[in-house]
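Work through the exercises below with the sequence and the model open. Each task is followed by a solution in steps.

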Amino acid sequence: MPFNTEIRFTLNGVPRSATVGADLSALEMLREVVGLTGTKYGCGEGECGACTIIVDGRSVNSCLLFALDCDGRELTTIEGLAGDPRAQALQQAFVAHGAVQCGFCTPGMVVQATNLLATHPQPDDAAAKRAIEGNLCRCTGYQKIVDAIVDAGQKVAAGSAP
Ligand code: FES
Ligand code: FES
């Protein structure tokens, strides 16, 4: 395979292409080639979840995914969730519950939780905890994030979310 390869994929609903090296991660491609910096670089080793994106409907640590493996796939980042009512409800609930402190983990948490609500619209505490078990937060102690996810799910289900 040549050192630089052009790949084509869908990013936040828009078809696009990028020229990437064989060792570039999807996270590096998003941040440094595409210029979307909402997805955060935490550990770079699959341990923290700060880099969570959705690939073909599944949440993925983008630091562990080669950019080359994004070819032909559908990627959604935190920027692509701006108009998603589930993500909007989550963002409001995170603020209301004090689930955002330094904010570094928040994009990954919201991406992970949005994907949870897409498949499990009204998660309970246990389901919310399971969903974010791969996402580390050094600030909040997690319960506020869990409360926010449960609350957002209830509000979306009740139609009282934005
Ligand atoms: S930066 Fe990807 S899991 Fe930490
Ligand atoms: S709010 Fe600081 S790491 Fe989660």
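**Exercise 1: a loop residue**

Y142 is partly exposed, as 18 other C-beta atoms lie within 10 Å. The model is a predicted one.

Solution. 

**Exercise 2: another loop residue**

Task: is N12 buried, exposed or partly exposed, and in which loop does N12 lie?

Solution. 
- Step 1. The loop between β1 (4-11) and β2 (14-21) holds N12.
- Step 2. N12 is not a glycine, yet has a positive phi of about 50°.
- Step 3. There are 19 other C-beta atoms within 10 Å of N12, so this residue is partly exposed.

**Exercise 3: two domains**

Task: describe how domain 1 and domain 2 are placed and what makes up the side of domain 1 that touches domain 2.

Solution. 
- Step 1. The domain assignment divides the protein chain into domain 1 (4-80) and domain 2 (83-158).
- Step 2. Taken over C-alpha atoms, the centres of the two domains are 21 Å apart.
- Step 3. Contacts join 12 residues of domain 1 with 11 residues of domain 2.
- Step 4. On the domain 1 side, strand β3 (residues 52-55) gives the most, with 3 residues.
- Step 5. By residue class, this side of domain 1 has 6 nonpolar, 5 polar and 1 charged.

How values were computed
Residues are numbered from 1 along each chain as its sequence is written. Chains are lettered from A and ligands numbered from 1 in the order in which they are written. This is a predicted model: local features need pLDDT of at least 70, side-chain atom pairs count only at pLDDT 80 or more; totals for chains, interfaces and linings use all residues. Domain bounds come from an automatic or database domain assignment. Two residues are in contact if their C-beta atoms, placed from the backbone, lie within 7 Å. Helices (H or I, at least four residues) and strands (E, at least two) are DSSP runs, numbered from the N terminus. Ala, Val, Leu, Ile, Met, Phe, Trp, Tyr, Cys and Pro count as nonpolar, Asp, Glu, Lys and Arg as charged, and the others, Gly among them, as polar. A residue is buried if 20 or more other C-beta atoms lie within 10 Å of its own, exposed if 12 or fewer, and partly exposed in between; C-beta atoms are placed from the backbone.
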